[in-house]
Amino acid sequence: MGRITVRRRVTRLTVGGSKSVREDVLAAEEPLEIRVGGQSLAITMRTPGNDIDLAAGFLVSEGVISSGEQFSAARYCAGATDEGLNTYNVLDVTLAPGVAPPDPSLQRNFFTTSSCGLCGKASIDAVRTTSAYTSESDALRIEAALLTTFPDRLREQQAVFDKTGGLHAAALFDGATGELLVLREDVGRHNAVDKVIGWATRENLLPLRGTVLMVSGRASFELMQKASMAGVPMLAAVSAPSSLAAELASELGITLVGFLRGDSMVIYAGAERVLESAPLESDLPPIENLPSESIGVA
């Protein structure tokens, strides 16, 4: 199995101070080629580990499968180098009988970077993959006080981040009990989410009703799409969402929470799912105080 961390000799320099040479620990980044039935589908840069979860989550995100029953098996391909050595960087997935193979238009014929999971997409229309699940009717309701505990609990479980300071994390929480169901780390935020979704897929938990997907960075359009494909009703992030992520959340009926830090948060869509006893405050003036033209009164 590929290494999760690597050691490298570095020079530490402080302006006006000391200079020293020491060994540092870095997060590993290696390519993973995902094949389906022997045919190459994608190559992504990832942190080795939980590769089968990554492949399963990727296939869910791309609309190839929508349940664990459709994912039959996965194996590392032997003889992946000219020398016949197994690099554990090529994974071949077998779909269950009767499951249609991926659409050839999904094939990504070049590397996707760890920071960009959409680099192989031809257009924004190709990103809007249709989900087998809908979140609009999900009955999830969660106390704001419980939700604010998730970032610290996610951070406490980031074992590799503690060593390197260089990994994103994604975690899945039970919205009713607050139980941490699974956490995954990766150099790519989209890979970390795929690893979480892939774990849930292989545990036959899809759709992920009543759960909260928590990410350690920002909330992008792609992460919102991945949440939708897995039937997740709430995506929470410690940083800001993009405008397109917020638009997609409203369109799909998914609650989107950003800047979840300390005892506060900003809710960009689906605020009705976050319960708080404090009275609602708004920076907007009461509607009766608005000029008549603002409310369509002739």
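Predicted model: local features only at pLDDT ≥ 70, side-chain atom pairs only at ≥ 80, totals over all residues.
**Overall make-up**

The protein contains 8 helices and 14 strands. The table lists several values for the whole protein.

| Property | Value |
|---|---|
| Share of the 298 residues that count as buried | 46% |
| Share of contacts with a separation of 6 or more that join residues 24 or more positions apart | 53% |

**Nonpolar cores**

The largest nonpolar core is made of 51 residues. Leu 59, Ile 65, Leu 95, Met 224, Leu 235 and Leu 256 have the most contacts inside this core. Because domain 1 (30-107) and domain 2 (142-275) both contribute residues to the core, it lies between them. A second, separate core holds 19 residues, among them Ala 144, Ala 171, Phe 173 and Leu 183.

Leaving aside residues up to four places away in sequence, Leu 235 touches Leu 213, Val 215, Ala 219, Leu 223, Met 224, Ile 254, Thr 255, Leu 256 and Val 257.

**Thr 211**

Thr 211 belongs to strand 10, which covers residues 211-215. With a relative accessible area of 5%, Thr 211 is buried, because buried means under 20%. A polar atom of the Thr 211 side chain lies 2.7 Å from the backbone oxygen of Leu 208. When residues up to four places away in sequence are not counted, Thr 211 touches Leu 140, Leu 172, Phe 173, Gly 175, Leu 181, Val 232, Pro 233 and Met 234. Of these, Phe 173 is also included in the second core.

Key:
Residues numbered from 1 in each chain as written. Heavy atoms only, no water. Core = buried A, V, L, I, M, F, W, Y, C linked by side-chain atoms within 4.5 Å. Buried < 20%, exposed > 50% of the residue type's maximum accessible area, 1.4 Å probe, protein only. Domains from an automatic or database assignment. Contact = heavy atoms within 4.5 Å. Helix = DSSP H or I, 4+ residues; strand = E, 2+ residues; numbered from the N terminus. Polar contact = N/O pair within 3.5 Å; in protein donor to acceptor, adjacent residues only side chain to side chain.
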